[in-house]
Amino acid sequence: MTSNSTRALKNIDWLTVILYVLLVGFGWLNIYAANTEPGVPFSLSMDKEYTKQLLWIGISTISIGFIFLIDSKFYVEFANIFYIITTILLISVIFIGVEVNAAHSWFQVGSFRFQPVELAKVATTLAIARLMSRFQFSLTKWPDRLTLGALWLAPILIIILQNDTGSALVFFAFLIVFFREGMTPYILLFGVIAIAVFISTLLISNQLILGLLYASTIIHLFLKKTGKITFIAIIVAIAGYTLMAIITRASSDTVNQYQSMLSGAILSSLWLLYNALSKRLKHILISLTLFWGAIGFAYSTDYFFEKVLTDYQRTRILVMLGLKDDPLGAGYNVNQSKIAIGSGGFSGKGFLQGTQTKFNFVPEQSTDFIFCTVGEEWGFIGTSGVILIFLALLIRLVILSEHQHSNFSRIYGYSVAAIFFLHMAINIGMTIGLAPVIGIPLPFFSYGGSSLWGFTILLFIFLKLDTNRAQLIR
C-alpha cells in the first residue's frame, strides 16, 4: 500500500462512511422487501432485483477502492476530459440508446442498463469545481459567467432532448453552489418568483397575477424608501388604466380589464425607469427587471405547458395541484404510495409484512417509490429515521466542505450536498404528493446500478479530496 493510500485511510471521515453504509444497507433491505413474495425463500437468482443490487453494491465497493488509490490532483487535472466524455455519452444515447418510460436515456447490454446521466452529474460537478476554483475566477465577470453558464446548461439541454426532464431538473442543484460562491441572490429570487408564477398561471387568472406582481413591486419600492416616486407611479398606473378602459369601452362596449391593467403597468414602469436612470436608483431597476421578467414568464408558461410538456406530464402536474382527479391514471402511483405510507402507522406493519408492497399495488415500488416501502413496513419511526440519516449526511458534507483549504474541494463538496438534497427532497416529495412524479431515484435507496454507482463515486471522490483538506489542490 502506498503512502498516499495509507494517509487517505487514516484521514478518511468515517462518520460519513458509516452514514453511507446505513443508507445502502437499509436501502437494500427495502428493495428485498419490495421484491419478495409471501412464502418465497431468499434466492440469489439474477432475475431478482435485490440480487442485482447486491452485485452493484459490490461493484460500488470496488470503485471506492480505486477512488482512494488515485491521487486527488487527478480529479482536478482530468475534470474537463471527464466532462467531454460524458457529454459525448449523453449525445450518443439519444441515437443508440434504448427508450425506457418514454425517455431515450439508457444504454443496454444484455439484461443490464446504464444511464450516462449519473456519470454526467459527477463529471459536471468536477468541471464546475475546476472552473470556479481557477485563479481570478469571479461571478462578477461576464466572461466567467458565460463560461460557467455554458458548462452548466449544456448537459441540461441534452438531457431534455432525451425527454428526461426529471434528471435535467437535478442539475439546478448547482444554483445553490453558485449562490454559496457569490452569485447575486436576485437570481435565486427570480427563480422562486418563476416557480410561483408558473403555479399561479394554472390556478388563477392573468389579471390577478398581474395585480399581485404589481402590488408586490410597489410594496418593495415603498420599503426601499422611495415613497414619493412610488406614489406618483401608482397615480400614473391608475391614469393609464383609466385611459385604456375608456378607449376599449368606446370601441367594444366592454372594458378589457387585463389590457387596461397592462397599460397602467407599462406607463408606471416607464416613470419608474426614468427615475431609476436619472437618479441612479439600482433597486428600482432590479424591481422592474423582476416584475417584467415574471410577466414574460407568465406569458411563456402557457406555451411551455401546452407545447413542451407531454400529456402525461401535464396531467401529473394538474393532479398534484388538485386541478384534476385521475386516481386510476396519472394519480394512481401517488395515491397508492400515500395509502402504503399511511397504512404503516407509527411503527409500521413489520419487515416483509407490507400488503401494498407484496401485492404490487404501487408501480415502480423498488425505484422511484421505494420510500413508501419504508413507510408501510417501518412506519413513522422508519421514515423519520431515514430522513434524519439523510439530514445528518447533508450536514456532515456541508461541515466538511467548509473545512477545505482548497476552493476546488469546497465547491465540489457543496455540489455533492446540493445534488443529494434535491434528489432526497423531490423523491420523498413525490411519494407523499408534494412534488410531481418526475422519476428521479432516492440516493443509495432506489434500485438501480447506475444511480448507486453514480452516487457512490460522487460521494467518495469528495471523501478522497477531504483526506487532503489541509492542502491546496489545484
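Visitor: Is the crossing of helix 5 and helix 7 left-handed or right-handed?
Guide: That crossing is left-handed. Keep in mind that this is a predicted model.

Visitor: Why are helix 5 and helix 7 called roughly parallel?
Guide: Their axes cross at roughly 20°. Angles under 35 degrees count as roughly parallel, and therefore helix 5 and helix 7 get that label. The axes of helix 5 (residues 79-96) and helix 7 (residues 142-161) come within 9 Å.

Visitor: Which residues make the contact?
Guide: Helix 5 brings Y83, T87, L90, I91 and I94, while helix 7 brings residues including A150, L151, A154 and P155. By class, that contact has 11 nonpolar, 1 polar and no charged residues.

Visitor: What makes strand 1 and strand 3 edge strands?
Guide: The open sheet has 3 strands in the order 1-2-3, with antiparallel pairing. Strand 1 (98-100) and strand 3 (112-114) each have a single partner strand, so one side of each is left without a neighbour in the sheet. From one strand to the next, the twist averages 55°.

Visitor: How do you know that strand 1 and strand 2 pair?
Guide: Pairing takes at least two bridges, and strand 1 and strand 2 (residues 103-109) have 2 bridges, in the antiparallel sense. In strand 2, W106 stands opposite V98.

Visitor: Where does helix 5 lie relative to these strands?
Guide: Helix 5 lies across strand 1 and strand 2, and runs at about 90° to strand 2.

Notes. Residues numbered from 1 in each chain as written. Predicted model: local features only at pLDDT ≥ 70, side-chain atom pairs only at ≥ 80, totals over all residues. Heavy atoms only, no water. Helix = DSSP H or I, 4+ residues; strand = E, 2+ residues; numbered from the N terminus. Axes fitted to C-alpha atoms, helices over the stretch in contact; angles between N-to-C directions. Contact = heavy atoms within 4.5 Å. Parallel < 35°, antiparallel > 145°, perpendicular 65-115°, else oblique. Left-handed = near helix turned anticlockwise from the far one by under 90°. Nonpolar A, V, L, I, M, F, W, Y, C, P; charged D, E, K, R; others polar.
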